[in-house]
Amino acid sequence: MSAASSDSAAAAAKRPIEPSIAGPSPPAKLQRPSHPAPSLAEVPGDAANGGEAAGVKSEEMAGALNPRAQRYLVAVEYVGTRFSGSQQQPNQRTVVGVLEEAFHKFIGQPVSIFCSSRTDAGVHALSNVCHVDVERISKRKPGEVLPPHEAGVVKRAVNHFLQKNECDIMVTDVRCVAPDFHARYKALERTYHYRLLSGSEPLSVFEKTSAWHVPENLNVQAMKKACSILVGHHDFSSFRAAGCQANSPMRTLDELTVTEVFPSMFFPSSLERSEMESSDGTLVYSRTLIVESSGKGSDASSTARDGQEFGKRLRHRCYVVTARARSFLYHQVRLMVGLLKSVGTGDLTTADAERILNSKTVTAAPPMAPACGLYLANVKYDPSV
């Protein structure tokens, strides 16, 4: 997405937030707009893993009833651990609920926010996208409609109020879009990443809510073969959880890959740094830097610790599964990762992966991966946005 910003927008983005911009604190009870978001029953599209429901018009038109309002496209990142998912739920802390509260404090009136992709409790987002309509009303002259806020001002102001929350959500980008632009139905594709940490050593406290710990070694080559079976246009009923509201289980999976990467909590020693850097200073990944787990219990762990400096933890091997498609079924990504993990540990074969896909029933699939390792990475739109 691209958007040109004027000099005045740049100047406004540098100014501190004034009371006139921030607006008053909201009343104790937020009042919902006259055009509420449709219930899940009204939206037969995909739920937790994002998706597109062609032909649904009620949500597409929601929020576009006020011609004086400016529609903004808002990208947000969040740690999903303390959220009960992205969608509004009574008496629960949700991504939409926190964002709507921040916007309310900013403009002094309630708004409705519509997400491009819905995420479950515990699922993270590197970039989820939503849209919101904002009518800028004068604080000094109630009823007078002012020109819309610049996108940079919206970003700074909303983040100002989000920082007073749990500091686990932030607006990363804002664009002004047409009144009929819908964050969900205009999305061209969605990309998810899933992190797995392999090794017998218990997970660090820094990783417990950000990856799936697999004690066994993983056969990456077998996992890659299983990925090739799932890529393409298929009936993904075997990877469709109960409660999915999509009209059809047919989906086109454009990409499914597994890659070994550096663990995120990786602080190399001086020796490791020298082994990782090539002559031109670029990073070179060496598998010998990460101690492999034997997966054979405490005795093997004790042997591996021989000669290790006291207090230093053994490292896990980190793998990232990437899934990309226009839309996904409910829990599709986590169910596919559950299958890939089982293939990687040897509990299933690549032939089993094909059999499970062709069975067209979710009862044939192994347990799905936990929410903590899943990240909504990107939602792609037409470059002209």
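Me: Is Glu-135 buried or exposed?

Reply: Buried means under 20% relative accessible area, exposed over 50% and partly exposed in between, using a 1.4 Å probe and protein chains only. Glu-135 has 11% relative accessibility, so Glu-135 counts as buried. This is a predicted model, where local features need pLDDT of at least 70, side-chain atom pairs count only at pLDDT 80 or more, and totals for chains, interfaces and linings use all residues. Residues are numbered from 1 along each chain as its sequence is written, and side-chain values use heavy atoms, with hydrogens and water left out.

Me: Which residues does Glu-135 touch?

Reply: Contact means heavy atoms within 4.5 Å. Leaving aside residues up to four places away in sequence, Glu-135 touches Asn-66, Arg-68, Ala-69, Gln-109 and Val-145.

Me: How much of the protein chain is buried?

Reply: The chain has 385 residues, and 49% of them count as buried. Among its contacts with a separation of 6 or more, 76% join residues 24 or more positions apart.

Me: Which residues make the nonpolar surface patch of about 490 Å²?

Reply: Areas come from the Shrake-Rupley method with a 1.4 Å probe, and for residues only the protein chains shown count as cover. Here Val-205, Phe-206, Met-265 and Phe-267 make the patch. Val-205 is exposed, at 65% relative accessible area.

How values were computed
Patch = residues over 30% accessible without salt bridge, like charges linked within 9 Å, V, L, I, M, F, W, Y side chains within 5 Å. Salt bridge = Lys/Arg side-chain N within 4 Å of Asp/Glu carboxyl O.
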